[in-house]
Amino acid sequence: MSLRIVVCVKYVPDATGDRHFSDDLTTDREAVDGLLSELDEYAVEQALQISEAADDAEITVLTVGPEDARDALRKGLSMGADKAVHVEDDDLHGTDVMGTSLVLAKAVEHIGYDLVVCGMASTDGTMGVLPAILAERLGVPQVTQLSAVAVADGKVTGRRDGDAASEQLEAALPAVVSVTDQSGEARYPSFKGIMAAKKKPVENLDLDDLGIDAEEVGLAGAWTKVEDAAERPPRTAGTIVKDEGEGGKQLAGFLAGQKFI
Amino acid sequence: MTEVLVYVDHVDGAVRKPTLELLTLARRLGDPVAVHLGPGVETAAPVLAEHGATRVLTVDAAEFADYLVVPKVDALRAAYDAVQPAAVLLPSSVEGKEIGARLAVRIGSGIITDAVDVEAGDGGTAQGEASGGGPVTTQAVFAAAFTTRSRVSRGTPVITVKPNSAAPETAPVESAVEQLTVGFGESAAGTKVVGRTPRESTGRPELTEAAIVVSGGRGVNGAENFHIIEALADSLGAAVGASRAAVDAGWYPHSHQVGQTGKTVSPQLYIAAGISGAIQHRAGMQTSKTIVAVNKDNEAPIFDLVDYGVVGDLFEVVPQLTEEVKARKG
């Protein structure tokens, strides 16, 4: 039977842009152009490599997000995923990680899966906990924060590089994995891939389709609340000197003045 | 009596500094109850008591080392049930965040990750009810361009806190060590740890805990040149960091990467050598107290952040600085 892989991807404001909050203290998705979260490209790449190593596999890219989030799906399809699922609903605005993980869990079950692949974190929320929560909700093993991953004989194996040790992990499928930016450069979509993506199926789902009440998600359904957000004041301009042969000594003088030496 | 659970990060009983910071923050919310999983509680307990842990709940089991994350969630859940705390604090490590997140789902509570400060709410208690009286956390977001203050609005707040968020304070108490009973669930054995290679110690301070960090970037131009960065770090007793460009080029290990996909550091002094200061890097270091940089490009964005910058060749400036530091330190 075909190996069913679902890659969870997020559409985020470009991290190199000037990101802000909206009046309701949710992430402003208007002022800065959105794109597929860079860290999710690694997830798509590893899914493609696992698929290429398998006899038979099918990759679905899945996102929860507003209409524009379809761009993230299209990028995944251009890279080589087979089909896409887009969960979109006005009631999802302001959903936190608990709500998003609930929607993803329901959607993943709706699609049918042997392996769920996620990035290590989003580039906007940057929590990095969604894959663990998803595994908890689905009741399947979490094999997360991997810098190398492989699937064979109904098992997923991978290397998790922690602060204290590097661990070799193993779990039976079905499972949820997340991969880091050390897992291998993501491929660029080819022209052929971009053209082919236009013909690939995208299924649209809303909360009703997944049997989720609006109260469980959205800003009002969030289990956390942002009270306020303030722009960090710019750092006061420092002293810049040009090295004329004494730059290191001048710098040492500054550090001594600040009592670092 | 209000109690706050603190998850202890330790290596065979040697308590890591972020846990002492957690105990210090926890005392603002109630009496800290430390949860020590695995071996070494006899080493850890006196340290935890010295930093204000009124109770130490402990259990050792092979499952903690043999399987990933979930056995620890089962144990923390048992501690939660036994204590009924007002809040749960964990270190913002990869594992700490994952344990906290899974616990939060199980107990129906919201989670806040990567807090850099935690204060008692206006109700003076840590109860995270919708009344708004729960603890208030501070986070640096959007590559530290914004500071947000947040609350958990449902259930018992689960909060993970970044290293260096508080200065550890001693507050000695008489502490009782109590045995925790844990029944591991079905999912505990889901992910097997089949091998473990400990990281080799460099003898330098831990990157996220160091008071001074010296980082090298693209300008270092090769693994063979990183000894220049290391020499400066050693003269200052500092940790060594690297930009993503340097790590991607294979010049320095990823465990030393400072930036969005690496470590976030907030030392007293950050020295950037040959680093342009792309957003990816700034996200990991711009909350440092004092920032200095050496870069040959006077238009490098890193100079927008610095307290002191030298426009020049790092191969000239950095060794001269190292010599001068050594000379001044005698």
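Predicted model: local features only at pLDDT ≥ 70, side-chain atom pairs only at ≥ 80, totals over all residues.
Is strand E5 of chain A, residues 83–87, largely enclosed by the rest of the structure or exposed, and why?

1. Strand E5 of chain A is largely enclosed by the rest of the structure, because four of its five residues are buried. Buried here stands for 20 or more other C-beta atoms within 10 Å of a residue's own.

2. On one side, E5(A) pairs with a partner strand, E4 of chain A (residues 57–64), in the parallel sense, and five bridges join them. In this pairing, A:Val85 of E5(A) has A:Leu62 standing opposite.

3. E5(A) also pairs with strand E11 of chain A (residues 202–205), again in the parallel sense. Here there are four bridges, and A:Val85 has A:Glu203 as its bridge partner in E11(A).

4. Turning to chain B, the domain assignment gives two domains: domain 1 covers 3–189 and domain 2 covers 212–329. Their C-alpha centres are 33 Å apart.

5. How many residues of domain 1 of chain B are in contact with domain 2 of chain B? Five are, and they meet eight residues of domain 2. On the domain 1 side, the residues that touch domain 2 comprise three nonpolar, one polar and one charged.

Conventions: Residues numbered from 1 in each chain as written. Chains lettered and ligands numbered in written order. Domains from an automatic or database assignment. Contact = placed C-beta atoms within 7 Å. Nonpolar A, V, L, I, M, F, W, Y, C, P; charged D, E, K, R; others polar. Buried ≥ 20, exposed ≤ 12 C-beta atoms within 10 Å, placed from the backbone. Helix = DSSP H or I, 4+ residues; strand = E, 2+ residues; numbered from the N terminus. Pairing = 2+ DSSP bridges.
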